[in-house]
Amino acid sequence: MIYKKWKLEIPDYITHIKLSEQRRAKYYTIAEEEKIPKKYKKDGVHYKNGKAVCTETGINIVKNVKTAGTPKLWKINAQDLYSGNLHPQSRSKVMKEFHKYFGDILTNNLVKSLKNNKIEIKTDQRLAFYYTFEGKLENNKSDINNKSYLYDKAFTDTMTEKSLTNDKQKDVVKLGIIKDDSLEYVYSNHFEFFEKENEKLIINIYLCDKNFSVPDLLNKTYNL
């Protein structure tokens, strides 16, 4: 049984998180002499402190010309967490930015409709979450689990209460809409993707009894 439902629609939802304002310049070294572009070699190249220097200008030769000085953006995907490609400091920044993003959305769209800014979950009730991603397939190449995991984790975690004894949560946005997102309060989540022209994330939140499941809802909807 469903007691209440809330729906959030987020057009052009966040897909990248800025890790830094400017990427550092990377320079060619003496070990990379063969890779230095010919246009620099015409003007002469020498080495100082192991780095390649254009003799004519006296300036170190930059490898990442296109990206140096530009913001470093990370495309949201769980695979980088599993593989260890994301530095622990960057992971912390990613989740803080994610919490801030969903904190603004929840504050402006859900919190104002709640009594005392909270969802009351009785003993025999639980929450279920249903995420629908929409957009062009060319912009959504990862599998649904890698794509959806961090959105679900950040969204539900932003709804929980902040621990006053955990210093790591000091600068993290947590709204206290629910006590926490353990199985005591959240029973089910479901993800799907529909190919559409525009990018959108739709999040349905169900307050339901313990026997409810999103697949059951789908079966009843489509009479399967």
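Predicted model: local features only at pLDDT ≥ 70, side-chain atom pairs only at ≥ 80, totals over all residues.
Student: Okay, how many residues are in the largest nonpolar core?
Tutor: There are 37, and Phe98, Phe102, Ile119, Phe155 and Met159 have the most contacts inside it. A nonpolar core here is a set of buried Ala, Val, Leu, Ile, Met, Phe, Trp, Tyr and Cys residues joined through side-chain atoms within 4.5 Å. Buried means under 20% relative accessible area, exposed means over 50%, and partly exposed is in between (1.4 Å probe, protein chains only).

Student: Which helices and strands supply at least two residues each?
Tutor: Strands E1 (2-11), E2 (16-20), E6 (125-135) and E8 (200-209) do, along with helices H3 (88-109) and H4 (144-158). H3 gives the most, with five residues. Those labels are DSSP runs numbered from the N terminus: helices are H or I with at least four residues, strands are E with at least two.

Student: What is Phe102 in contact with?
Tutor: Skipping neighbours within four places in sequence, Phe102 contacts Ile10, Tyr151, Ala154, Phe155, Thr158, Leu201 and Ile203. Contact means heavy atoms within 4.5 Å.

Student: Switching topic: which residues lie nearest the centre of the largest pocket?
Tutor: Ser92, Met95, His99, Asp157 and Val172, out of 18 lining residues. H3 brings the largest share of that lining, six residues. By class, the lining has eight nonpolar, four polar and six charged residues. For the classes, Ala, Val, Leu, Ile, Met, Phe, Trp, Tyr, Cys and Pro are nonpolar, Asp, Glu, Lys and Arg are charged, and the others, Gly among them, are polar.

Student: And what counts as a pocket?
Tutor: On a 1 Å grid over the protein atoms alone, it's an open set of points where a 1.4 Å probe fits, with protein on both sides within 12 Å along at least five of seven lines; lining residues have an atom within 4 Å of a point.

Student: How many salt bridges does a search of the whole structure find?
Tutor: Seven, each being a side-chain nitrogen of Lys or Arg within 4 Å of a carboxyl oxygen of Asp or Glu. One of them pairs Glu9 with Lys200 at 3.1 Å, N to O. That pair links strand E1 to strand E8, 191 residues apart.

Student: Where do Lys63 and Glu32 sit?
Tutor: Lys63 is in the loop between strand E4 (51-54) and strand E5 (72-75), and Glu32 is in the loop between E2 and helix H1 (38-41), so their pairing ties together parts 31 residues apart in sequence. Their closest N and O atoms are 2.9 Å apart. Lys63 is partly exposed at 35% relative accessible area, while Glu32 counts as buried at 17%.

Student: What does Tyr27 touch?
Tutor: Not counting residues up to four places away in sequence, Tyr27 touches Glu32, Lys51, Asn60, Ile61, Val62 and Lys63. Tyr27 is in the loop between E2 and H1 and is partly exposed at 29%.

Student: How far apart are Tyr27 and Asp157 in space?
Tutor: They're 41 Å apart, C-alpha to C-alpha, and 130 residues apart in sequence.

Key: Residues numbered from 1 in each chain as written. Heavy atoms only, no water.
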